[in-house]
Amino acid sequence: MNKSNRHNILIYFDFIAALLFPVIAVFRVREYSVNIINGLFLILILAIVTGLLLPNVLVSWLIILLTTLAVGFLVMGYVVIPTEAKWLLLIAFPLEASFLAVFRHYMLSWHFISKNRQGIRNYLERYNGDLKMQTRYTANKIYSKVICNIKERPKLHLWMHVSMLRWANHEQFAQLHPEEHAQFLEKLADVLKKEG
């Protein structure tokens, strides 16, 4: 079994888990009080909305924060409900939000469907179509060739000026503000094209 098939199988298992977990959770708490059932429904609705609509960075932080709060209230606090219901209320949000965030990332973004994925990946490693510029991969290849030429001809006193820009948290900024990120990169590319 190749990597692509295993990847697809994991996505299908994630999808099945995202569908079955709420059904199993509701089935397990159906005999408890109405407040527990309503609480579980609201937590599952919040997890579905969070997992399908928010960027992965926010999903991760919400899972951490809300699970910490849930542990504080349900486990450490004095809440008189059955232990099984406490655990279901505690794990409902992180599990469902995680399942749906993974599903949204791979299935709804069509990341796994492309038949020519390797060709597309190779193209994107070498050229950024949005900015119409070469990428770091191509820059490294060109730099290596120039360095080899300089080392082969030491008597010619050849030199090369290299500049590299680094944006520390651009992936997070891109997830939270995709339009502003794209606009900034386009402006930066225009400046680099004019200066270069």
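Tutor: In this predicted model, helices are DSSP runs of at least four residues and strands are runs of at least two, both numbered from the N terminus.

Student: Which element has the lowest mean pLDDT?

Tutor: The protein averages a pLDDT of 79, and 80% of the residues score at least 70. Where pLDDT is low, the predicted coordinates should not be read in detail. Among the elements, the highest mean, 91, belongs to helix α2 (residues 34-53), and the lowest, 60, to helix α5 (residues 117-126).

Student: Which elements give two or more residues to the largest nonpolar core?

Tutor: The largest nonpolar core is made up of twelve residues, including Phe21, Ala25, Ile36, Leu40, Leu74, Leu88 and Leu89. The elements that give two or more residues to this core are α1 (3-29), α2 and α4 (83-108).

Student: Which residues is Leu89 in contact with, leaving aside its neighbours within four places in sequence?

Tutor: Leu89 is itself one of the residues of the largest nonpolar core. With those sequence neighbours left aside, the residues in contact with Leu89 are Ile36, Gly39, Leu40, Ile43, Leu74 and Ile81.

Student: Is Phe13 buried or exposed?

Tutor: Phe13 is found in helix α1, and together with residues including Ile9, Leu10 and Phe15 it forms a nonpolar patch on the surface, with about 750 Å² of accessible area for the whole patch. Because the relative accessibility of Phe13 is 54%, and the cut-off is over 50%, Phe13 counts as exposed.

Methods: Residues are numbered from 1 along each chain as its sequence is written. This is a predicted model: local features need pLDDT of at least 70, side-chain atom pairs count only at pLDDT 80 or more; totals for chains, interfaces and linings use all residues. Side-chain values use heavy atoms; hydrogens and water are left out. pLDDT is the predictor's confidence in each residue, from 0 to 100. A nonpolar core is a set of buried Ala, Val, Leu, Ile, Met, Phe, Trp, Tyr and Cys residues joined through side-chain atoms within 4.5 Å. Buried means under 20% relative accessible area, exposed over 50%, partly exposed in between (1.4 Å probe, protein chains only). Contact means heavy atoms within 4.5 Å. Patches are made of residues with over 30% relative accessible area and no salt bridge: like charges are joined within 9 Å, nonpolar side chains (Val, Leu, Ile, Met, Phe, Trp, Tyr) within 5 Å. Accessible areas come from the Shrake-Rupley method with a 1.4 Å probe; for residues, only the protein chains shown count as cover. A salt bridge is a side-chain nitrogen of Lys or Arg within 4 Å of a carboxyl oxygen of Asp or Glu.
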